[in-house]
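Visitor: Hi! Could you walk me through this structure?
Guide: Happy to. Let's bring it up here.

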Amino acid sequence: MKVQKDSGVKMMYRGTLTDLIRQIIAEIKSRRASGAGREKKQNKPMTKKGVVLLVVVLLIILGVVYYISLPAVTTMSVQMWEMLLAIALVLMAVSCIADRAGKGFFTLRSKVLIGLAVVTAVVFGLGGLLSSPIFSASKYANLMDIQEEEFTKDIEETDNIKDIALMDSESAAVIGQRAVGSLSDVVSQYEVSDDYNQIDLNGAPMKVSPLEYAGFFKWFNNKKSGIPGYVMVDPLENEARYVKLKEPMKYSMSAYFGKYLPRHLRFRYSTAVFEGYYFEIDEEGNPYYICPVLKANAGLFGAKDVKGVVICNPCTGDTKYYKVADIPRWVDHAFDGELMLQKYLWKGTLSGGFINSMIGNKGCKQPTDDYGYRVIDGDVWMYTGVTSVNGDQSNIAFVLMNGRTGEAKYYPVVGCDESSAMSAAEGQVQHLNYTASFPALININDQPTFIMVLKDKSQLVKMYAMVNVEKYNVVATGTSQKEVLSQYREMMSEEGIVDESEIQKDSDQLKRISVADVQYITTDGESYIYLRDTENILYKKKIADDETVMFIQKGDSIEVSYEENENKIYDLISWK
């Protein structure tokens, strides 16, 4: 049999069919052998030059990751351990892939890298486990040293509540934006940060916030000129003021590259575990960033607390570290409110041990969900209520925590919690749809009292409210702090909470007037009476607060209690 050409084997052959089959089998074996040789030739081990190139690429990637994420180079940094574990896993994977592609089995290098990845993961995991409250409950509970005090002795009785800052950050942001809204050269390139910090400025409460770049391109265009100023909001007068600096701020939270504040600090303090970056001003109005530094007290990462602060001048970039005991008197945010709440939660739940916090709950207490601020003796104190772990709507106490020193005081005061007080106040003006801010706790005639502001949908302060902590059905509202104080005292007298004689000794300004004119005006759905006396002074009062004012007629001679205002329209507190 003669075959001219085979479709599978491109050759010419003449002979028998058996010889043809043998020839095809031999050709297939020959091709397999040559293919295996080429594959073996292609899968050569990685050269030294390739290894060096790979290491260089990995180091570049590591540098970029570090530059962006900025982890603290310390065993106390969870972020650092995560980065080390990721690096070990990547190196292990690359080495193993190279070995399999080359010799087909793991080399000593790969085995070492596998061991390194395993050891890193084990240390990271064990460090996290040993840092938890399961093994270190007492270390968590002992972070806060708290002293029990008596409310009526330690909290001074309030006669004039004009010095209490009740404005929250949302309202401050609305007012602060107005301060720069008319400055075209500022508002076109910068915006006011929403992070308003409560500070004490020469004995008075104040909220401050820096300007920040309005995006990357605005920073690029203005990086040489820097940030020109900051905004101050007076929470008592509901006024804002833009402060232009003589020397602009170059380092900020909205800058980029080396001028980005956390990056600037990280390259100076590579091992510091920063908790936050808080903008403040000193007594002369100079800007600074207060940057608390934390230290772990349990295991590798657990029970972190402030050990000091780094104070950075954003204009020059100069920095200095202070231990807690050496922090300057004007600093107010060495201890953040969230950290202080967490520390009290550890104190309240873990003092009896971890198992008790999970099962028995004997003696366990917890703070409420939010906190407010009080300026006392030149320091900013954070306030929060204390409830049982059952989650009911009543307080068993409250705590004051100093934002500069970390000092804490415990006051056993039983009554409604803050959310219940806010709901009670909102219920008094539900037809106006006002919302209450987080209240402050004050002492009125030895009675623990919540005071708060009521805001409209634009976050502007419209009214004030006071709620008795022990009897939260006693709720007073008014358009001024003076008015609501008078209303509240009258209600406490009517309820028999305090004697009328105690109310009289704290009475407002009294004056006998002759009524020359009476007018009724409706504003924002509320009806007011306006009285003009013979000296041409106006007195106004909301009729819903005291409907008896409608009996006042022109020509009457009455005794009025009032609060003076700069616009010469006085708030009528009471009359007889």
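Visitor: What should I know before we start?
Guide: This is a predicted model, where local features need pLDDT of at least 70, side-chain atom pairs count only at pLDDT 80 or more, and totals for chains, interfaces and linings use all residues. Residues are numbered from 1 along each chain as its sequence is written, and side-chain values use heavy atoms, with hydrogens and water left out.

Visitor: How many helices and strands are there in the protein?
Guide: The protein has 15 helices and 30 strands. Both are DSSP runs numbered from the N terminus: helices are H or I with at least four residues, strands E with at least two.

Visitor: And what share of the residues counts as buried?
Guide: Of the 576 residues, 47% do. Buried means under 20% relative accessible area, exposed over 50%, and partly exposed in between (1.4 Å probe, protein chains only).

Visitor: Which residues have the most contacts inside the largest nonpolar core?
Guide: Those are Leu 211, Val 231, Met 232 and Ile 281, in a core of 40 residues. Strand β7 (residues 227-234) gives the most to this core, with five residues. A nonpolar core here is a set of buried Ala, Val, Leu, Ile, Met, Phe, Trp, Tyr and Cys residues joined through side-chain atoms within 4.5 Å.

Visitor: What does Leu 211 touch?
Guide: Not counting residues up to four places away in sequence, its contacts include Val 180, Tyr 190, Ile 227 and Val 231. Contact means heavy atoms within 4.5 Å.

Visitor: New topic: Cys 315. Is that buried or exposed?
Guide: Cys 315 is buried, with a relative accessible area of 11%. You'll find Cys 315 in the loop between β12 (305-312) and β13 (319-323). Leaving aside neighbours within four places in sequence, Cys 315 is in contact with residues including Leu 245, Glu 247 and Pro 287. Cys 315 and Glu 247 are 68 residues apart in sequence, yet 6.3 Å apart in space, C-alpha to C-alpha.

Visitor: How many salt bridges does the count come to?
Guide: The count is eight. A salt bridge is a side-chain nitrogen of Lys or Arg within 4 Å of a carboxyl oxygen of Asp or Glu.

Visitor: Which side chain meets Asp 379 in a salt bridge at 3.1 Å, N to O?
Guide: That's Arg 404. Asp 379 lies in strand β16 (residues 379-388) and Arg 404 in the loop between β18 (397-402) and β19 (408-411), so the pair ties together parts 25 residues apart in sequence. Asp 379 is buried at 6% relative accessible area, and Arg 404 also counts as buried, at 15%. Arg 329, Asp 379 and Arg 404 are linked in a network of salt bridges.

Visitor: What about the end of the chain?
Guide: Glu 559 and Lys 576 meet there in a salt bridge (3.7 Å, N to O). Glu 559 is in strand β29, while Lys 576 is in the segment after β30. Glu 559 is partly exposed at 23% relative accessibility, whereas Lys 576 is exposed at 62%.

Visitor: How does β29 sit in the structure?
Guide: Five of the seven residues of β29 (residues 557-563) are buried, so this strand is largely enclosed by the rest of the structure. Four bridges join β29 to strand β30 (residues 569-575), and the two run antiparallel. Strands pair if DSSP finds at least two bridges between them. Tyr 562 stands opposite Leu 572 in β30.
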